[in-house]
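My notes are below the display.

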Amino acid sequence: MGNVLTLIAGMDEDASAWQASALCAQTDPEAFFPEKGGSTREAKGVCKVCEVKKECLEYALANDERYGIWGGLSERERRKLKRRV
């Protein structure tokens, strides 16, 4: 599997502006897509210090990303956030 950013196919120019600074591009992509019941700790730790965490989360919410850790949130956490908004 390529890095997380290679999974963002067809993104618009606004979305691609933040990708160069994304820390996930420099880490193991498997951490961001754990097996069901697997730990999200490593990915969330990377997201916690990433300077484009907000942009990443906005991208995931706008594009209904259903898998993986995006902007520091799991699929379940993103669904909860969308319901509250």
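**Ground rules.** I am working with a predicted model, where local features need pLDDT of at least 70, side-chain atom pairs count only at pLDDT 80 or more, and totals for chains, interfaces and linings use all residues. Numbering starts from 1 along each chain as its sequence is written, and side-chain values use heavy atoms, with hydrogens and water left out.

**Fold.** I looked up the secondary structure and found four helices and zero strands, in the order α-α-α-α along the sequence. Helices here are DSSP runs of H or I with at least four residues, strands are runs of E with at least two, and both are numbered from the N terminus.

I checked burial next: 33% of the 85 residues are buried. The cut-offs, with a 1.4 Å probe and protein chains only, are under 20% relative accessible area for buried, over 50% for exposed, and partly exposed in between. Of the contacts (heavy atoms within 4.5 Å) between residues at least 6 apart in sequence, 45% join residues at least 24 apart.

**Surface.** The protein exposes about 5800 Å², with carbon and sulfur atoms supplying 48% of that; the areas come from the Shrake-Rupley method with a 1.4 Å probe. I also noted a surface patch of negative charge made of D28, E30, E35 and E42. For a charge patch, residues need over 30% relative accessible area and no salt bridge, and like charges are joined within 9 Å. Asp and Glu count as negative, with the charge placed at CG of Asp or CD of Glu. E35 sits in the loop between α1 (13–19) and α2 (41–48), and is exposed at 66% relative accessible area.

**Salt bridges.** I found five of them in the structure, taking a side-chain nitrogen of Lys or Arg within 4 Å of a carboxyl oxygen of Asp or Glu. In one, K44 meets E77 at 2.8 Å, N to O. K44 lies in helix α2 and E77 in helix α4 (residues 75–84), so this pair ties together parts 33 residues apart in sequence. Both are partly exposed, K44 at 24% and E77 at 28%.

How values were computed: Patch = residues over 30% accessible without salt bridge, like charges linked within 9 Å, V, L, I, M, F, W, Y side chains within 5 Å.
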